Amino acid sequence: MPDMALSDVRVLDLTRHVAGPYCTKMLADYGADVIKVERPDGGDFTRRMGPFPDDVPHPEKSGLFLHLNANKRGVTLNLKTAAARAMLLELVKRVDVVVENFAPRVMPSLGLAYGDLERANPGVILVSISNFGQTGPYRDYKASEIVLHGMGGNLRSLGLPEREPVKYGSHVALRQAGLIGAAATMAALFTRESRGGEGEHVDVAIVETQAGSQDRRAPQLMTAQFVNQVFPRRAPGATIASGTFPCRDGYVNVTGGGNRFPRALEMLGRPELMEDPRFATPESRLNPENSEAFNREYLMPWLMQHTMQEVWTLAQNAHVLSGPIYNSKALMDDSHFRDRGMWVEIDHAVAGRHTFPGRPIIMGETPWQLRRPAPQLGEHNAEVFGDGLGYDSQSLARLRGVGAI
Amino acid sequence: MSKLPLEGVRIVELTHIFAGPYATMHLADWGADLIRLETIQSLVLGTRGQHAKVSKEMIEQSKAAGTGAGVFPNWDPGPRPWNRSTSMTSTGRNKKSMTVDLLRAEGLEILGKLIAESDVFIENNVPETMDKLKITYDWLREWNPQIIMVRMPAFGLSGPYTNFRCLGMHVDGVSGHSFTRGYPDEEPHRRGETVAADAAAGASGAFAVMAALWHRRRTGKGQLIEMPLAENFIPFMAESIMDYNMNGRVRESMGNKDRWMAPHGVYPCRGEDKWITLAVGSDEEWQGLCEVMGDSELAVDPRFRDADARWRNQDALDPIIIEWTRRQDHREVFNRLQARGVPSGPILDELEVLEDPHMVNRGYYQPLDHAEMPTIKYHGPLWSMSRTPNPLRKSPPLLGEHNPYVYKEVMGVSDEEYARLEEEGHIGMDILETLSG
């Protein structure tokens, strides 16, 4: 098996739902040994979220869970019992990093504050991913994807000016935060090394990862300060040769304004429009009436004569920025991604064989590998507690009996 | 005092617009000696604005359009508009800028000498652009066998789309994100665009660099990393992809609704364009909401008695809630809702979020002085570390600001040689087309 970038990193993963597991997924995907800890009664909530094959809910068949947790091992611990907490601290002694995404009051209330972990293992790094961070007036406030996207992120800027803002699809904000958590974990591994092995507590506040996000939010923080005003949601098609529009078999996005405008005319086969006074100068093209007229009279009729793939190719030939609005079927059918190896089939003992998104990053020397499917609930209890911590089968049976594992 | 994690690591970047500069922002924030390769031959579109010369009329049109595009501090582009652009301002802090004309053989050799003194080269160009410049992984390795090269094109180094040009919004479209967000009662072109793929690429790019550095410190080996924006972002769409793969179902947008929670969404508040989000799941949260609304009848309404009933009857429930939220102040009611354990938050505009008491309390925003711009507040690093305090150090660099540092200190170029490179248009702080009239 080729060397992996993080082969020498051991991670104890107390996370659940999406943000934390996406962080530890990145670490596991690039080689870290990640032990995921779940509660014995039902485990991670994403086991109940689906999608499920044939829409039949089953805790071992959730597509979301199976995707987020491949390459991790799984154990169960009921951290409300003293026995389980003692076992957890035993595991803490054997890892480099603990990642958690509980509400900030939870870990201290379980006797698992950073200081407690540090007493067990002075080198341990604790990465905490939470809604609002470990300090501050909103520390204990409750939130979710839409709440954090609205407070920290760019939700106010998304949608039609005359309607309510409309959020990202799926759990985009939570996954962004998970990626930031993975980068933060790497940073802490480096500082630990330069400090002679002393760990530290890393605080990832999802609301801050949103406020600093380069999905236009951070640039807009600058723009607002430049002129002490905020701007409305942008009406679609408000700028020349730019926006999302219907075409013959779907929808496409085209960006052909600014200095690219002559290329957009080339794409349309209408170079003579450069002589039209409405479109002749950068200034005239910034006029909303002119840009709206151009889109309505020239761009949209042309788009309706072409398919998504035709528009995309013709646009690229003219060096106009463009892309189709794919749904999941169109994406799965696309040979570019299929032939590049974007998809991977994963066999799972209970869920069966399904096709998942594979590697997000191609590391030449230390490639992504599928080492194991997502764990069944408590699948590695015997391996981790038995072989790893030295509990015999009788003790494990007793711990099961008292609900600790 | 703790060293920053990337102190002693030198990174050279040839990145543009959002994704690349955002990846290197994290690396610069956390201590890397981050050197941007720029040019004075012409304005490279995007990162330093759209135009090297900005006329009064263009400013007037930007004001009239009111979209937030083409904005400069106090609506004044100044003599060097490229030092005052929003894109550069939002990702440039803690970075250094050098200029060199890479289209000339001499410029390429300057880059080679810099690579010999560096650890990482990162770029987000269309692959054919890099081919034209002759900057390949093999070429970099001739200068530095341990170099780590990170390439972030939109669609990868192979395949039919390899040289397709696009921005984050097009990657959001191709990846399936644009289709799964928007108003369920409007057509897909009536929703506006998102550029979430750029943000995802920035975070992953920073992770990839650090993972490769971690591996190199153990093995001495550098490597080539390929991170297409689309392939890094597609896994964000796992739920809809897996529903298609498992059930052949194409998921459409649910707007602001949730698959389990109700009430869930964006609700109008008092004032113009003021909103609050609600994400109510449990019965406790629901009872908390009813209590803050002061509506004891709603609390016992059988249509909304449990999570399942609330979800099924959400179309009847939302108007009742809207009738109440319309009379509330979005920031004031948020604290009352949270006091009762209701997950909710005001939708904050940019000026509001800059003043948000929580983030101000955490010291998230920090002012930095800048030679050609007013002092403004910048957001802090995206995470904090208990034993590694990390205040922002330096405002975004002027074009070519660090030429003396890079050429003389890093590469050991003599004063005479420096003067010659200045003469020949490699080194400078003004874009040449603006000087020629």
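Two residues are in contact if their C-beta atoms, placed from the backbone, lie within 7 Å. Keep that in mind for the views below, which show a predicted model: local features need pLDDT of at least 70, side-chain atom pairs count only at pLDDT 80 or more, and totals for chains, interfaces and linings use all residues. Residues are numbered from 1 along each chain as its sequence is written, while chains are lettered from A and ligands numbered from 1 in the order in which they are written.

**View 1. A:Ala28 and its surroundings.** Let us start with one residue, A:Ala28, in helix H1 (residues 19-29) of chain A. Helices (H or I, at least four residues) and strands (E, at least two) are DSSP runs, numbered from the N terminus. Leaving aside neighbours within four places in sequence, A:Ala28 is in contact with A:Val34, A:Asn71 and A:Lys72. Is A:Ala28 buried or exposed? A:Ala28 is buried, because 27 other C-beta atoms lie within 10 Å. The cut-offs are these: a residue is buried with 20 or more other C-beta atoms within 10 Å of its own, exposed with 12 or fewer, and partly exposed in between.

**View 2. Chain A as a whole.** Stepping back, chain A holds 17 helices and twelve strands. Its C-alpha atoms fill a box of roughly 85 × 50 × 40 Å, taken along the principal axes. Of the 405 residues in chain A, 58% are buried.

**View 3. The largest nonpolar core.** A nonpolar core is a set of buried Ala, Val, Leu, Ile, Met, Phe, Trp, Tyr and Cys residues joined through C-beta atoms within 7 Å. The largest one has 223 residues, of which A:Leu27, A:Ala183, B:Phe207 and B:Val209 touch the most other members. Helix H8 (residues 196-219) of chain B gives the most to this core, with 15 residues. Not counting residues up to four places away in sequence, B:Val209 touches B:Leu27, B:Val120, B:Ile122, B:Ile148 and B:Val150.

**View 4. H1(B) against H8(B).** Helix H1 (residues 19-29) of chain B packs on H8(B) at an angle of about 45°, with the axes 7 Å apart. Axes are lines fitted to C-alpha atoms, for helices over the stretch in contact, and angles run from 0 to 180 degrees between N-to-C directions. The two helices are therefore oblique to each other; angles under 35 degrees count as roughly parallel, over 145 as roughly antiparallel, 65 to 115 as roughly perpendicular and the rest as oblique. Among the residues of H1(B) that meet H8(B) are B:Tyr22 and B:His26, and those on the H8(B) side include B:Gly202 and B:Gly205.

**View 5. H7(A) beside H8(B), across the two chains.** The axes of helix H7 (residues 172-194) of chain A and H8(B) come within 9 Å and cross at roughly 20°, which makes H7(A) roughly parallel to H8(B). Residues that meet here include A:Leu179, A:Ala183 and A:Met186 in H7(A), and B:Ala203, B:Phe207 and B:Trp214 in H8(B). By class, this contact has 17 nonpolar, two polar and no charged residues. Here Ala, Val, Leu, Ile, Met, Phe, Trp, Tyr, Cys and Pro count as nonpolar, Asp, Glu, Lys and Arg as charged, and the others, Gly among them, as polar.
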